[in-house]
Structures are given as structure tokens and as C-alpha cells.
Amino acid sequence: MKAKKFFAAAAGAAMAFTLAACSGGGAGSTEDPTDGSTAGGGEVSEGGLVGVAMPTQTSERWIADGEAVESGLTDLGYEVDLQFANDDIATQSQQIDQMITNGVEALVIAAIDGTAIAPQLEAAAASGIPVVSYDRLILDSPNVDFYVTFDNYNVGVQQATSLLVGLGLLNQDGSEGEATGPFNIELFAGSLDDNNAHFFYAGAMDTLEPYMTDGTLTVPSGQTDIEQTNILRWQQETAQKRMEDLLTSTYTGGDAELHGVLSPYDGLSRGIITALQNAGYGPSIDEGLPIVTGQDAEIASVKLIADGVQFSTIFKDTRKLADQAVVATDSLLKGEEPEANDTETYDNNVKVVPSFLLESDIIYEDNIESLLVDSGYWTADEIASGVAE
Ligand code: BGC
């Protein structure tokens, strides 16, 4: 949703409300937002130019994130230069260089590779430009002023918990389930250059470990190390290929039956599900498809959950994250210290970056309506069609 439309739709409302209202397409716009360097709604900008660097448009969450940050900043009178980098590190570095050349007064960055933009940040610091690290921590640089994100370790705990619920080992309320196993599972992790991937995997593995130790859960491929399970750049095709390879190497000829897959992102989940279905599993959970988890509540995956195909996802309300990024940027530009709720967890190898962490929720088929529809993140029609409007 572009700033102008956003303003037309939400004129007169307070910022917190307008950010929340920026959805129905919480994660849904398909418009090209790369022309985002405008002051919203024709308002006169008083606040200066802010550069917003997002990693990619292949995942709808980053489009929604970028547009929500843009809307919130323009609402406060800033001009915004919003760029997406096609998951290409060089492109993102060039975009940030260009933003600095263009005279931005602050930067909001969701890095592709957390370690790759230190030179850009040095240039930013030399010009007195504050930097907000958005969702993914920027590493190896002292020039990161604030970090807004979710409790990433807990996201991993939630992913593993939903796998245990799907297998019947736990109930949704956390009590012990009726199933006893043993069950066969396989594990997937995100991109190694994304700091979050390590937090998600640590949270998940700590949760699964007791069940693996007592034999309730087995990983027949033996691939449990993040060096073996990671998927570079979170690519769906790479996850599908790895699942196909695992099925061929470990699950052919009645060797073993697969019961569950830990997946850390909905795009990967859909690749994994395609590989499983092509190999004859399912097509739905009721018909024998293994339990597959996810993250981001992408519309295509929410439909799969409603249809009993994907088991779960993690809902991270990007509207709230964008809201925090806007508040933090505004504070920094006013020379104030943004309000942090965590000053210990996120060490970027140079310093502990003060952070604001948000909470996430597990989505199952039976709480789609209360958490996603009632909050206006997706409409019932979008969930029925699997397509964002
Ligand atoms: C984000 C996740 C997202 C993943 C892939 C991570 O940094 O925290 O929400 O699923 O990137 O885009």
C-alpha cells in the first residue's frame, strides 16, 4: 500500500491506529513500492529524509514491513527513500551508499547479510546518521544505534513447541499429550548469514533436545547441526531440493517413515510440503502428510493451515515492528534515547545493541480467526483464496 493511498484510507487517525489499520493487507500488497521516496499524502515534509533498506520483495512480509515503516515515518512528516535489494548483498550495499549520498538523516536497515555492510555504516557514522537495525541484527559494527525485533529465541521455542503439538506429544496448553512416539523428524534452519536463524534454531533445539535424548524423537538422516540444516537466503527451492534429497537418502524402500519437519519460515515450509506431496505423502495431514511448522503467517501458508496441509506458523505482527522502528527513529532524530526493553541479549560482536523485543504467537488452524482475522492482519476472503488483496 503506497503512502498516498494509506493517507486517504486513514486520514485523521492517530499513528498507532493507522499503523494497525494498514492491513487487511498486513502483509499483502503486491504493488511495486520501490518508488517510495515521497512525502506521504502531499504533506510538507519537515523531518528530513530517512532511508529504509529492506532485503527482498520475494517474501510478502518484507514488502509489508517496508510500506508500514514508510507510512509511519511519512505520518510524522519525514520523507522516505524505501529500497528493496532482491536478496543481493552488493545491491543492498549500493542502495545504502546512495541513501547516504542523497543526504538521509537516519537509516532503518533489515540486512541481507548481517556482517556485510560495516563500511556503509562507517560512512553513516562519519556523517552523524543514526542507524536502526530492523528485525535482523547488523553484526561486526559499532555503528548500530538501536535494534527492533521479536524475541527470536522464543520464536524458535514456539516453532518446536508447535511441532510437538502436531505430533501429539504436547497439547496446545503446554500439558503432556496422548502420543508417546517414537517419531521421526527432520530439521531445517534459515540462512547462516542472518543472525536470527541462529536464535530460531537454538530455541527450537533446546526445546526438542529432551525428546531426542530420551528417544521420543529421532532424526534418521543424522543431520542435526545448523551447518547441515541451513538454507542459504531462505530459498524455497533450496528447501524443496534438500527435502527431496533427504527423502531419497533416508526414507525410500520403507526404511523409515517421516512424521514431522521443523521448518523456520513459511516459504521453506511450502517447498518442503511440495517435496513431500510429490513423494506420495498426504496431500493433507489427515491423509498422512507429516507435521510441518513455519514462520511469518504468509497468506499462502495460512490457507494451507486452514486446509489442514501445513500444521502451524508463527505470527509476528509486522505492523507492531514497523511502529517500533518509527518510534525509535524519531527518538534518535530528536537526539533522544529510544526506549529499550532488552539491553543484554543482542551482542553484535562489537557491542550489545539496545533492543526492543516484541512477542509472537503460534498460529494453528483453530486460532487463525482470533489472531489473524480479528486483528485485521488478513481478511477471511484472503485466507479462503490464499492471495493477498
Ligand atoms: C525473519 C523471519 C523471516 C526470515 C526470512 C528472518 O530474519 O526474522 O521473519 O522468515 O528472515 O525472510
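This report covers salt bridges, aromatic pairs and a charged surface patch in a predicted model.

## Salt bridges

Nine salt bridges turn up in a search of the whole structure. One of them joins Asp135 to Arg61, with 3.2 Å between the closest N and O atoms. Asp135 sits in the loop between strand S4 (131-134) and S5, while Arg61 belongs to helix H3 (residues 60-75), 74 residues apart. Asp135 counts as buried because its relative accessibility is 2%, under the 20% limit. Arg61 is also buried, at 4%.

Arg233 and Asp193 form a salt bridge at 2.1 Å, N to O. Arg233 is in the loop between helices H8 (226-229) and H9 (236-250), and Asp193 is in the loop between strand S6 (183-187) and helix H7 (195-213), so this pair ties together parts 40 residues apart in sequence. Both residues are buried. Asp317 and Arg319 are also bridged, at 2.9 Å, N to O. Through shared partners, salt bridges connect Arg61, Asp65 and Asp135 in one network.

## Aromatic pairs

The whole structure holds seven aromatic pairs. Tyr147 is in strand S5 (residues 146-150) and Tyr346 in the loop between helix H12 (318-333) and strand S11 (355-358), so the contact ties together parts 199 residues apart in sequence.

Tyr377 and Trp378 form an edge-to-face pair at 5.5 Å and 80°; both are buried.

## Charged surface patch

Asp286, Glu287, Glu365 and Asp366 form a negatively charged patch on the surface. Of these, Glu365 lies in the loop between strand S12 (361-363) and helix H13 (368-373).

Key. Residues are numbered from 1 along each chain as its sequence is written. This is a predicted model: local features need pLDDT of at least 70, side-chain atom pairs count only at pLDDT 80 or more; totals for chains, interfaces and linings use all residues. Side-chain values use heavy atoms; hydrogens and water are left out. Patches are made of residues with over 30% relative accessible area and no salt bridge: like charges are joined within 9 Å, nonpolar side chains (Val, Leu, Ile, Met, Phe, Trp, Tyr) within 5 Å. Accessible areas come from the Shrake-Rupley method with a 1.4 Å probe; for residues, only the protein chains shown count as cover. A salt bridge is a side-chain nitrogen of Lys or Arg within 4 Å of a carboxyl oxygen of Asp or Glu. Lys and Arg count as positive and Asp and Glu as negative; His and the chain ends are not counted. The place of a charge is taken as NZ of Lys, CZ of Arg, CG of Asp or CD of Glu. Helices (H or I, at least four residues) and strands (E, at least two) are DSSP runs, numbered from the N terminus. Rings of Phe, Tyr and Trp (its six-membered ring) pair if their centres lie within 6.5 Å; planes under 30 degrees apart count as stacked, over 60 as edge-to-face and the rest as tilted. Buried means under 20% relative accessible area, exposed over 50%, partly exposed in between (1.4 Å probe, protein chains only).
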